[in-house]
Amino acid sequence: MIHRLTEEPLPRAQWLREESWSAIADAYDRLRRAADGNDRPLLVGSAKELVESVARVTLAAAGKPSGDNADYLQVLASAHKTVEHAIGPELAANDPLRQIPEAAKRMAGQLRELRNRFGTGHGRAVVHTVTDEVAEASVHGALIWTRWALARLHIVLLGAVQPLISGLLEGESFYSGDLTQRLTAANITKLDEPEQRALGLAVGQRAARATFNVRIEGIEAVSKNPNLWPDPYREAALQGLFINPDGQVFTDPDHSATGAAVLLKDHTAPDLAVNELRTLLADSSWSVEFQYRPQATITSMEATTPQIPATAQQNWQATINDLKQRAGL
C-alpha cells in the first residue's frame, strides 16, 4: 500500500520555480526509495522532511521566506495559512471545507513527534520498532497535507505579482482570459502601491508591443469596472504604453493613445497623471522604432484628445506639442 502511494506523482503548481520543485522532488524521491527498500526509520524521517520542504517552498513562493532554524510546527502553520485563502474568506471557521484541511495539518504536525521517536535524524541509544501502523500513519499524514497544499499553491501563484510581471516582460504567451484570471487572483486593489505600479507598468509595456489580449484584458478592461483599477496601476500602465523597459519612448501607434484615454477616464487626478507622463517623455530618448514613426503616434494622440478628461486636455496637448517639437513637425 505504501509503495503504491509514493508512486503517484505530486501535483506541481504552475509558475513554481524549477529549483523549488527540485527541492520537493528530492524529498519525495527519498520517501519513495525508503518505501521501496522497506527502510522504515528513513520512511518516517522522510515523511516529515517532505512536509517541511513543501511548507518552506510554499512560503518562499508566496514571498514569505522562513528562517532555517524556524520551528517545524511554526513553518507548517504559516504555510497552511498562506494557501488556505484559496478556500475563500467567506467560509466560517467551522465549515467542513476549512475543517478538513485543518485536520490534515494536524496529522502532518504529528510527524515531528513520530520522527523524533522512530525516524532517522537522531543518534539513538535504543532502537524502536517501526510498526506497519507507524509507517502508514507517517506516509498518509505527509501525503494528505502535501497534496492539498501543492494544489492550493497553484491558486497562490496564479495571483502572485512578480511571476506575472516577469511573464509580461519576458514574452510569456497570454491567451484569451489568461491575464483576466491572473489579475483577478492578484486582487490589485489589495496590493501595496509599489506592486500596483510595477504590475501596471508591465501591462502597459507589454500592451505597447501589440499583444492584443494584454491590451484588451489589462488596459481596455479598466473601463468596465473602474473601482477595481486603482490610480497607481492606471498611472504606471499609462507610462508603460509610452516608455519601454529600457526607459526609451516606444508606443503602439494604433493603441497607446486610446489606451491612455481609457486609463485616464476614471483617474482621480488625470491632469497630474498626464503631467507625469509628459515629464517622463521629456527625460527619455527615443527608441529606434519610435524614431521612424513619431508622426503616427502624434496623429493618434491628437485624434484622441476629445476622449481625454477635460481637466487633463491642456497637459495632453502640451505633451503632443513636445513630441512635435522634438520630431521637427
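A crossing of two helices is called left-handed if the near helix is turned anticlockwise from the far one by less than a right angle, and right-handed if clockwise. The views below come from a predicted model, in which local features need pLDDT of at least 70, side-chain atom pairs count only at pLDDT 80 or more, and totals for chains, interfaces and linings use all residues. Residues are numbered from 1 along each chain as its sequence is written, and side-chain values use heavy atoms, with hydrogens and water left out.

**View 1. Helix 3 packs against helix 7 in a left-handed crossing.** Helices here are DSSP runs (H or I, at least four residues), numbered from the N terminus. Helix 3 covers residues 40-61 and helix 7 covers residues 132-158; the two pack at an angle of about 15 degrees, and their axes are 9 Å apart. That angle makes helix 3 roughly parallel to helix 7. Axes are lines fitted to C-alpha atoms, for helices over the stretch in contact, and angles run from 0 to 180 degrees between N-to-C directions. Angles under 35 degrees count as roughly parallel, over 145 as roughly antiparallel, 65 to 115 as roughly perpendicular and the rest as oblique. If you look at the residues of this contact, you will find 18 nonpolar, three polar and two charged. For that sorting, Ala, Val, Leu, Ile, Met, Phe, Trp, Tyr, Cys and Pro count as nonpolar, Asp, Glu, Lys and Arg as charged, and the others, Gly among them, as polar.

**View 2. Helix 7 also packs with helix 5.** Helix 5 is made of residues 96-109, and its axis is 8 Å from that of helix 7, at an angle of about 135 degrees. Helix 5 and helix 7 are therefore oblique to each other. Here too the crossing is left-handed.

**View 3. Helix 12 meets helix 13 at roughly 165 degrees.** Helix 12 spans residues 231-240, and helix 13 spans residues 256-265. The axes of this pair come within 9 Å. The two helices are therefore roughly antiparallel to each other, and helix 12 passes helix 13 in a left-handed crossing.

View 4. You will find Asn38 in the loop between helix 2 (18-36) and helix 3. With a relative accessible area of 54%, Asn38 is exposed. Ala210 counts as partly exposed, at 49% relative accessibility. The cut-offs are these: buried means under 20% relative accessible area, exposed over 50%, and partly exposed in between (1.4 Å probe, protein chains only).

**View 5. Lys224 sits in a loop and is exposed.** The loop joins helix 11 (212-218) to helix 12. Lys224 has 70% relative accessibility.

**View 6. Glu302 lies in helix 16.** This helix runs over residues 294-304. Glu302 is partly exposed, with a relative accessible area of 30%. Glu302 and Gln317 are 15 residues apart in sequence, while their C-alpha atoms are 7.7 Å apart in space.

**View 7. The largest cavity holds about 40 Å³ of space.** On a 1 Å grid over the protein atoms alone, a cavity is a set of points where a 1.4 Å probe fits but cannot get out, and a pocket is an open set with protein on both sides within 12 Å along at least five of seven lines; lining residues have an atom within 4 Å of a point. Grid points are joined across faces, edges and corners, and a volume is the space filled by probe spheres set on the points. The count comes to one cavity of 30 Å³ or more. Its lining consists of Arg278, Leu281, Ala282, Thr319, Asp322, Leu323 and Arg326. Helix 14 (270-282) and helix 17 (313-327) are the elements that give two or more residues to this lining. Helix 17 gives the most, with four residues. By type, the lining has three nonpolar, one polar and three charged residues.

**View 8. The second largest pocket has a volume of about 240 Å³.** Among the residues that line this pocket are Thr180, Leu183, Asn187, Glu217, Asn225 and Trp229. Helix 9 (residues 178-186) gives the most to the lining, with three residues. The lining divides into five nonpolar, five polar and one charged.
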